[in-house]
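Please open the model in your viewer and keep the selection panel at hand.

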Amino acid sequence: MSRWRNALIAASVGSVATLGLVVLPNVPASAAPADLVIDYSCVAVGPSPIVRHGGSVRLTTNLTFATDLTVGDPLNFTWKMSYTGDGSRLQSPGYFGPGGQVHATGNVQLSKDWVGILQPRGSAEQEDALRPDDELSLPPIMNDPGLTNKAGTVKITPKDIELDFTPPDGDVLVNDGDDTDNPSDMQIVYGPGWTELNDRPGSENHVHNDLHQSNVPGSSAELTFVGTGVTYIGPTDKDSGPVDIFIDDVKRATIDPSRDADDDPVNDDLDGGQDLWTSPNLTYGKHKIKIVNAAADGTKFTWLDAFEVSTTTAQTPTGYHSAKCSPVATPVSIEVTVRPKSGPTDTNSPDPSDTPTNDPDPDPDPDPDPDDHTTPPAAGTVTDSLGRVIVVPQATGTGTSTPKSTGPTATKYYRAQIGKTPKGGVDSGEAPEVERPYGLMATGMAVVLGSAGSGLLLRRRRAEHAGGAQ
């Protein structure tokens, strides 16, 4: 009897467990992050570097990226950098107004299934005006999202970081005098034969109300500057003579401030502040302009008010104020797995392996056009032009299913389902067969029988116990 009771209990528990089973869909693995800390040492690069005075600058960096991706996901690097505690810093290479920028370009080597270099980039704007040796702020983050277009394994190895400073775009007047007149630390150098004229009347419009003049043939004045262009500023005057202009020791022009744009003589007396000549665009860097009195004798004068230096870089690295940072130790390499992209199974396409079979419930199609239903519609139900309901099976749960083909396509047509056609009504179809839930009824019967058997056994046990007590 005990064995029969155990069997009934086991059967009832097994039925309940089967009814409570839940099938969960597959959950993709989350992208595992890699977090690398790499120290760098930066050295000077370029004619006017931002690592100054022959030293080096130490940086610490933190490179983060995902290591488990699916095709189409971005391979996105986030690279943060900061100064270490040793006190070394990138420094301004000269006088600059607010708005200069420090640019950083990282290099990440890709190998194995992908081969190449990704270059995360970042920049930091310098909010204040700069003087030589002022500390430069670093870009907080570099990043570069690369698109994963194929499956495979990619080996990631951090490499060098390139730094560059670009000055703000703008113009700077260079005159005579102290630092107020020369905020960019550039000075005009006058050769023999020049006389300084100060405290000129404001009506003459000279820069800072002063200027220099020379009537000595061959006398020169020059300015060495860093920028992309320069303008010679001076007065137009009826007593002026021709002036030769050189850029980087190459003669570029000869002008005559005693004549106007139409080559007619002027009747001016020291009409100052005129843009007498402007250089063509120059590569950003150090250049020199020189003006020379080209008169044949000492009866003609050359005047100089100021030079205006222009900088136009579009805020892109120039290679002039640069540094190169290399890993202090050999950096580790991390592998990234790019998995194939899995998409849903097309459950509506006919299975080419299926062959036409006899339909147990034939339903002739009154439409004689054989091309009317060659392409199965999307999953769900739609109604065609004759009012028929078209049922297209679709996948449910976590698996996929393909409807069995009943002919050239997997689409099956049904008329409207009515139990009985009313007298005189249109023949609209017949009721579908009803499936009987025999499996569910049998399972329920097993549970009931198990409960009943357990109750009977319990009563017999109590009766035996009562008899033993007597």
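The structure holds 10 salt bridges, a salt bridge being a side-chain nitrogen of Lys or Arg within 4 Å of a carboxyl oxygen of Asp or Glu. This is a predicted model, in which local features need pLDDT of at least 70 and side-chain atom pairs count only at pLDDT 80 or more, while totals for chains, interfaces and linings use all residues. Residues are numbered from 1 along each chain as its sequence is written, and side-chain values use heavy atoms, with hydrogens and water left out.

Select Lys112 and Glu335, whose closest N and O atoms are 2.9 Å apart in a salt bridge; this pair links strand E5 to strand E23 across 223 residues (strands are DSSP runs of E, at least two residues, numbered from the N terminus).

Next, select Asp269 and Lys238, which meet in a salt bridge at 2.1 Å, N to O. Asp269 lies in the loop between strand E17 (250-255) and strand E18 (271-278), and Lys238 in the loop between strand E15 (229-236) and strand E16 (243-247), so the pair ties together parts 31 residues apart in sequence.

Then move to Lys251 and Asp244, a salt bridge of 3.4 Å, N to O. Asp244 counts as buried at 15% relative accessibility, whereas Lys251, at 47%, is partly exposed (buried is under 20% relative accessible area, exposed over 50%, partly exposed in between, with a 1.4 Å probe and protein chains only).

Finally, select Leu59, Leu90, Ile156 and Leu163, which touch the most other members of the largest nonpolar core, a set of 41 residues (buried Ala, Val, Leu, Ile, Met, Phe, Trp, Tyr and Cys residues joined through side-chain atoms within 4.5 Å). A second, separate core of 22 residues includes Leu223, Ile245, Ile247 and Ile291.

Methods: Helices (H or I, at least four residues) and strands (E, at least two) are DSSP runs, numbered from the N terminus.
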